[in-house]
Each structure stands twice: as structure tokens, then as C-alpha cells.
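Here is a short briefing for a reader who is new to this structure. Please look over the sequence and the model before reading on.

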Amino acid sequence: MDPEAELVARLQRGDEQALADLYGQLGGRVYSLALRMLHSREEAEEVLQDTFLKLYQKADRYREELGSVRAFVYTIARNEALSRLRARSARPRAASDYDVYDDAFALASSRPDDVATRVTLARAMDGLGEQDGRLLTLAFYEGYSHKELSELLDMPLGTVKSRLRRALLALRDRLEEEAP
Amino acid sequence: MSHPQDLLPDYALGTLGAEERARVEAHLEDCEACRTEVRRTSESLVRLVEALPEAPPPPGAWDAIQARLPAASSEVPAGVSQGPTRRPARSSWRGWAALAALVLVLAGGWWGFGEVRQVERLRAEQQQVARWLAQPQVERMPLLDKAGDKLGGLLMLPDGRALFVLQHPPAAGRAYQAWGHKGDRLVSLGVFERPVFEVPYEDYEALYLSLEPEAGSGRPTHGLAAVDL
């Protein structure tokens with residue numbers, strides 16, 4: 001069994017140490033995703049806490065055949081962040097507005113495999129074309145819904161859905177080509 | 001049944017409404033091909049997350065999570081008595097908190113005016129133990145003497161630091177001395193008159209604890225416990 005799946009199996013039996021181990025491995029990733037989506041350290045920390053509490057509660061819903069533990073955890077995190085975005089009255093101004101959490105990213109790791117991942121992803125995103133890449137960025141990192149994207153980009157709802165789907169599948173195919 | 005191809009990417013993204021999500025999940029129960037699709041797409045999303053620069057979680061976040069978990073049973077440390085050189089199963093941190101409290105009680109004795117400083121020192125040691133226990137990646141193991149009786153415990157962090165937490169301070173006129181075993185050498189890691197002390201463990205094959213005269217010794221004269229690393 002995959003080591004992270006093994007940790008979730010232990011978590012399903014109520015093993016708190018398994019949660020601690022998962023936090024040790026994935027806490028930084030969850031926090032960084034929340035920070036990127038919410039542009040707020042305070043809310044990102046709330047998402048971090050709520051994600052691991054949800055993971056503890058929902059561990060029995062994890063299905064290895066549907067994806068990795070990381071995908072499961074990051075999806076919980078993303079949904080927590082999306083809830084907070086929906087609850088806000090104002091939306092973040094721009095995808096490039098990093099001012100609020102510059103300090104946190106100054107501490108960010110630059111492990112060799114992280115850099116490789118970033119380069120691979122950047123190449124794959126470039127290959128999507130500017131508009132589809134932007135669509136994916138807005139949907140994934142900024143959490144815009146189909147309806148919001150339709151209004152933001154002045155694009156029919158059906159077109160948003162089909163282009164986003166196409167962009168995600170194209171990204172997936174490019175990443176799989178690049179994978180070792 | 002037709003495959004909900006159009007919905008699978010959104011399912012992986014987590015953006016489907018409740019009704020559509022339920023429909024997709026029902027379909028996935030019986031369709032390996034669609035499960036594979038979802039799994040592949042999920043993994044692309046993992047890459048989207050992991051391409052972000054990773055910022056460290058704020059200190060204290062894990063403590064807050066732990067405080068919000070449902071109360072677990074307060075079991076005693078599950079130390080496996082396999083002698084002093086085996087690393088046993090991990091134990092409940094609540095057992096360790098009890099051990100830290102024991103350090104305070106046993107070592108503190110009954111204090112009067114002249115021993116306020118001693119109480120403060122004991123509290124500081126207890127807080128030190130509690131801080132170590134709160135680290136998400138701390139490893140914990142009992143320290144057993146040659147007879148298999150418990151002397152205390154050892155906490156270890158991935159950054160190469162270890163904390164000895166002993167049940168009793170050394171006898172009067174004596175001190176604990178910690179050693180690192182490297183190749184054919186024993187390296188003194190310090191002489192300690194207190195029951196809680198930190199040593200580095202990186203690069204060593206084992207850690208030893210001995211009881212020595214107050215000023216320490218050039219080599220162990222009274223071995224107490226050993227831990228293989």
C-alpha cells in the first residue's frame with residue numbers, strides 16, 4: 001500500500017499520530033494553496049486547521065481507486081477555501097496580487113523537485129494557449145465558478161464549461177507526457 | 001448507462017453541485033473506466049497545487065488542530081519492553097504529559113522559600129517537554145534499563161535533536177552523561193545534573209546514557225540505557 005494511503009488507513013482507525021504525520025507532510029502544501037486562493041494568512045490558517053479536522057472526520061470516505069491521498073486532502077482544502085471565497089462579499093482583485101502574503105512566500109521552499117514541478121507545469125500551461133491557461137488559473141487558483149467566469153470574461157456559460165473541461169484534460173495529457 | 005464524461009473533470013475539481021456529484025459518484029461505483037479518468041485528472045490537480053511555492057504552516061497551527069480533535073482515550077505509553085536497544089511502538093502523548101508531570105512531582109519534592117527557583121526550573125522543564133510533545137513529527141520511545149525497568153523516555157525530532165526525559169534526577173554527587181556512538185568512538189554529548197536535557201543525535205548510530213561523577217568522565221563508568229538509531 002502507498003505510504004500515505006497507509007497513514008489514512010491508520011487514521012480511519014482513529015490514530016492521531018497518523019494525522020500528525022499527514023500534517024507534517026502536507027500541511028505546508030495545504031497552507032500554501034489556501035494562501036494563494038484567499039490572499040490572507042489568517043483565513044489560510046483557518047482553512048489549514050479545518051482541512052485536517054475534516055480529514056480526521058472524513059478519512060473513511062477516502063477511496064484509493066479514485067485518486068491519491070494528496071488529491072483527497074487538497075480537494076478538501078480547496079473546498080474549504082472555496083466556501084470562504086463564496087462567503088466573502090468582495091472578490092480578490094487580481095491573480096497577480098501577492099502583496100498580502102509576500103513574506104510567507106519569501107520563506108517558501110525551493111526544493112529541486114518543487115522547481116521541476118513548477119517548470120513542468122509552466123510549460124504545460126503555456127501549451128494551453130493564453131485564454132485557456134487564464135481560464136484554468138481563474139477557476140483553480142482563484143476559485144471562480146462557471147457563472148462568475150462567464151460574467152468576468154463575457155463568455156457564454158456553455159463555452160466556459162466546455163473550454164475549462166478541454167483545458168483541464170489538455171493539461172492532464174501534457175503533464176502525463178512530461179512525467180518520468 | 002452512459003458515461004458522464006462531461007461531468008468528470010468538474011467532479012475532480014470539486015465544482016459539481018450536490019445532485020450532479022451524487023449522480024457521478026453512483027456511476028463511479030460501477031465504472032472502472034470513469035474511475036481511471038477521475039484519478040488521472042485528480043493527479044493533474046495535485047501538480048497544480050504542488051507547483052505553488054510552499055510556505056511553512058504558521059507555528060501553533062498543529063496545536064490548534066490537536067486541541068479541536070475529539071478527546072481520545074488517555075492510555076499510558078505503550079512502551080514495548082524489548083530491552084534498551086529496540087525502538088518500540090509509538091506511545092500516546094498523553095502518557096508523556098503524565099511523565100512530564102511526574103518529573104515535576106518527583107524531582108520537586110516539597111519546597112519552601114529557598115526552593116522557589118527550583119520550582120521555576122521544574123516548570124520550565126515541564127514546558128520544554130510539552131513543547132516537544134506538541135511537534136507533529138516528534139518520535140517517542142521509552143528508555144529502559146538493563147532489567148527492562150523504565151528510566152524515562154527519549155523524544156526525537158527530524159532536525160537532529162533529542163530530548164532525554166528521565167524520571168529521577170541523578171543521585172546526589174552524581175550526574176547523567178549522554179554519549180553518541182560513532183564507529184569505534186563514544187563521543188560525550190554533555191554532563192547533566194537535571195533529568196531533562198537536549199542532545200544532538202545526527203550522525204550517531206546509537207545514544208547511551210550513563211551515571212557519572214558530577215564533573216563527568218572520559219568514558220562511561222556506569223551504563224544506564226542505550227538507544228539504537
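**Helix packing and the contact between chains**

The axes of helix α3 (residues 41-58) of chain A and helix α4 (residues 69-87) of chain A come within 9 Å and cross at roughly 130°. This is a predicted model. Chain B and chain A bury about 5,100 Å² between them. The count between these two chains is eight salt bridges.

**Helices α3 and α4 of chain A**

- α3(A) passes α4(A) in a right-handed crossing.
- On the α3(A) side, the contact is made by E43(A), E46(A), V47(A), D50(A), T51(A), K54(A), L55(A) and K58(A).
- On the α4(A) side, F72(A), V73(A), I76(A), A77(A), E80(A), A81(A) and R84(A) take part.
- By class, the contact of α3(A) with α4(A) has seven nonpolar, one polar and seven charged residues.

**Helices α7 and α8 of chain A**

- Helix α7 (residues 130-140) of chain A packs on helix α8 (residues 146-153) of chain A at an angle of about 135°.
- The axes of α7(A) and α8(A) are 10 Å apart.
- α7(A) and α8(A) are therefore oblique to each other.
- The crossing of α7(A) and α8(A) is right-handed.
- From α7(A), the contact takes R134(A), L135(A), L138(A) and A139(A).
- From α8(A), it takes L149(A), L152(A) and L153(A).
- The residues of the contact of α7(A) with α8(A) are six nonpolar, no polar and one charged.

**The contact of chain B with chain A**

- How many residues does the contact take from each chain? It takes 50 residues from chain B and 58 residues from chain A.
- Of the area buried between chain B and chain A, 61% is on carbon and sulfur atoms.

**A helix pair across the two chains**

- Helix α9 (residues 157-178) of chain A and α3(B) pack at an angle of about 80°, with their axes 9 Å apart.
- That makes α9(A) roughly perpendicular to α3(B).
- α9(A) brings L168(A), L169(A), L171(A), R172(A), D173(A), L175(A) and E176(A).
- These meet E37(B), R40(B), T41(B), S44(B), L45(B), R47(B) and L48(B) in α3(B).
- The contact of α9(A) with α3(B) has six nonpolar, two polar and six charged residues.

**Salt bridges**

- Over all chains, the count comes to 26 salt bridges.
- R40(B) and D173(A) meet through their side chains in a salt bridge of 3.3 Å, N to O.
- R40(B) and D173(A) are also among the residues where α9(A) meets α3(B).
- R29(A) forms a salt bridge with E54(B), with the closest N and O atoms 3.5 Å apart.
- R29(A) lies in helix α2 (residues 16-38) of chain A and E54(B) in the loop between α3 (32-50) and α4 (61-68) of chain B, so this pair joins two chains.

Note on methods
Residues numbered from 1 in each chain as written. Chains lettered and ligands numbered in written order. Predicted model: local features only at pLDDT ≥ 70, side-chain atom pairs only at ≥ 80, totals over all residues. Heavy atoms only, no water. Axes fitted to C-alpha atoms, helices over the stretch in contact; angles between N-to-C directions. Helix = DSSP H or I, 4+ residues; strand = E, 2+ residues; numbered from the N terminus. Parallel < 35°, antiparallel > 145°, perpendicular 65-115°, else oblique. Left-handed = near helix turned anticlockwise from the far one by under 90°. Contact = heavy atoms within 4.5 Å. Nonpolar A, V, L, I, M, F, W, Y, C, P; charged D, E, K, R; others polar. Buried area = accessible area lost by both parts, 1.4 Å probe. Salt bridge = Lys/Arg side-chain N within 4 Å of Asp/Glu carboxyl O.
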